[in-house]
2 protein chains.
Amino acid sequence: MTQARASETAQSQGESAQLIDGKAYAADVRARVGRQVEQLRDQHGIQPGLAVVLVGEDAASQVYVNMKAKKTGEVGMQSFQHRLPIDTDEQTLLDLVHQLNADPNVHGILVQLPLPDQIDSEKVLAAIDPAKDVDGFHVVNAGLLSRGQLDRALVPCTPMGCLMLLEDQLGDLTGLNAVVLGRSNIVGKPMSQLLLARNCTVTIAHSKTKDLAAVCRNADILVAAVGRTRMVPGDWIKPGATVIDVGINRLPPEREGEKGPLVGDVDFDSAKQVAGAITPVPGGVGPMTIAVLLANTVTACCRAHGIAEPTV
Amino acid sequence: MTQARASETAQSQGESAQLIDGKAYAADVRARVGRQVEQLRDQHGIQPGLAVVLVGEDAASQVYVNMKAKKTGEVGMQSFQHRLPIDTDEQTLLDLVHQLNADPNVHGILVQLPLPDQIDSEKVLAAIDPAKDVDGFHVVNAGLLSRGQLDRALVPCTPMGCLMLLEDQLGDLTGLNAVVLGRSNIVGKPMSQLLLARNCTVTIAHSKTKDLAAVCRNADILVAAVGRTRMVPGDWIKPGATVIDVGINRLPPEREGEKGPLVGDVDFDSAKQVAGAITPVPGGVGPMTIAVLLANTVTACCRAHGIAEPTV
């Protein structure tokens, strides 16, 4: 996606923000991954493979796992699915992880969270070979990212997706003031480290920050990842800033038995009148996560085989 | 050290900044380590041991290694010194590291940098057992620190020393605006992660930051770790801020054959008229590094034995 491809809807309504179309950009990323997979097959006889492990039958987890399997197949990668019963014990799961670590056809391993109570999630995630840790949650990958060794790390998918949207929108990020709202290990911290690696001046703000409004108003790039419904109003946003809304919060339904609408951490209606560009919720950051997961699997596959990633 | 113990020299000269006496505080830390070592001996029959490895005869490195050995002995810990010739090959050094990893009397391993050209430093540091990595340079310790898992990490000594001085000076750091100047893996990045773990709003600034002066003026806590002589003038400092100067830069000597004086990254003379408290160079952060190294060795020893750290 180029800036030109970003929707001009906002402008046509007399508002200022471009909409950053994460859905379209994610489709571009998946298409690029598909061409990489094709080249790997044609030139090296290799097929990247992604193993997804699901324990139990949590409805939301099943939706995610099915979606990942579907997208994996669509880009021509091999999809390995392991569905274990809810009462699986920790050792059984660890044994499966070790088996997947050793399997040369498996280049990426994803254990769907949450895991049932009898299993120590941290122990399981730590057992995944860091070189196959396409979720980027292993402590070794956290360390590599923290040190800016992006050529060796596997980076968590959601913040990496945010970075891709930002670079597509803004080009070189050097010298921009970036504010990351939220300090989770899955989004906020890796996001701040990626922005630092791209030469932004980075501020991490959180629930203990005094005068959040003033901090946010200084941001050329504002990434909101706190999980609080519409907590960032338009008047916290610097005019022209690029706003990435990672929050996915469900409002109460209007009618009984229906699902309420999804909204972000940013108050979209007021923010789009101030921001230069903004991701909508849904259709912004959300679709990027699986796209980066697939891209990470290709990266892991190429590293495992000691070959350069196809440029397509 | 308490605030009362900070030197009042500045005030008595009609200036505002308290001097943060790192030398005195480091002596306190070493004394505490000494009491811990005593308790470990008396109550558990354990003596913490620190192994220091020096390759070659670099003059500065020899001074550091001798200093570390001396302080290790002074607190009652066992000191293991390994001095290898300058032409040592990588495998010989790796073999020594593995031997130290396996030695139950060695709780901390420090390989003095820089290493000669024929040896890949990163490979050697990666070979050290993370649980004995008292320098905190291993990627696993970087990852643990990045994730805020301070109860499991070994933290790099210099930034940990800065944090100790800050907490001694300010108490709870929650909600303070902290600006870290410099993004090295040894100081800047771990410093920012420690301050975040203490609930500061943290900004990391660096050579690509636009308007460094404005960024610094917003800091309640300013940590300068860039290695550029007196680059932070007093008028970049928020009145009353606490300033930690990690820089150690040597000025040209006034007379031939002499050594020039040491100065920090902060222009001390103008800064002390604005800051609330400031570390001098020398005598500020410098002495803390070895003190924390000793404290880290006690921590590693207690974890290796599965016992709580003595509170003394």
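Start by selecting Glu122(B) and Arg152(A): their side chains meet in a salt bridge, 2.7 Å from N to O. The term covers a side-chain nitrogen of Lys or Arg within 4 Å of a carboxyl oxygen of Asp or Glu, and the rule finds two of them across the interface of chain B and chain A. Before moving on: this is a predicted model, where local features need pLDDT of at least 70, side-chain atom pairs count only at pLDDT 80 or more, and totals for chains, interfaces and linings use all residues. Residues are numbered from 1 along each chain as its sequence is written, chains are lettered from A and ligands numbered from 1 in the order written, and side-chain values use heavy atoms, with hydrogens and water left out.

Next, colour the side of chain B that touches chain A. Helices α6 (139-146) and α8 (188-197) and strand β6 (201-205) of chain B each give two or more residues to it; these elements are DSSP runs, helices being H or I of at least four residues and strands E of at least two, numbered from the N terminus. The largest share, six residues, comes from α6(B).

Now show both chains whole. Chain B and chain A bury about 2700 Å² between them, 49% of it on carbon and sulfur atoms (accessible area, 1.4 Å probe, lost on putting the two parts together, summed over both). Pick out Val139(B), Arg147(B) and Leu196(B), which supply 23% of the area that chain B buries against chain A, more than any other three residues.

Finish at β6 of chain A (residues 201-205), which pairs with β6(B) in the antiparallel sense over three bridges; pairing takes at least two DSSP bridges. Centre on Thr203(A), which stands opposite Thr203(B).
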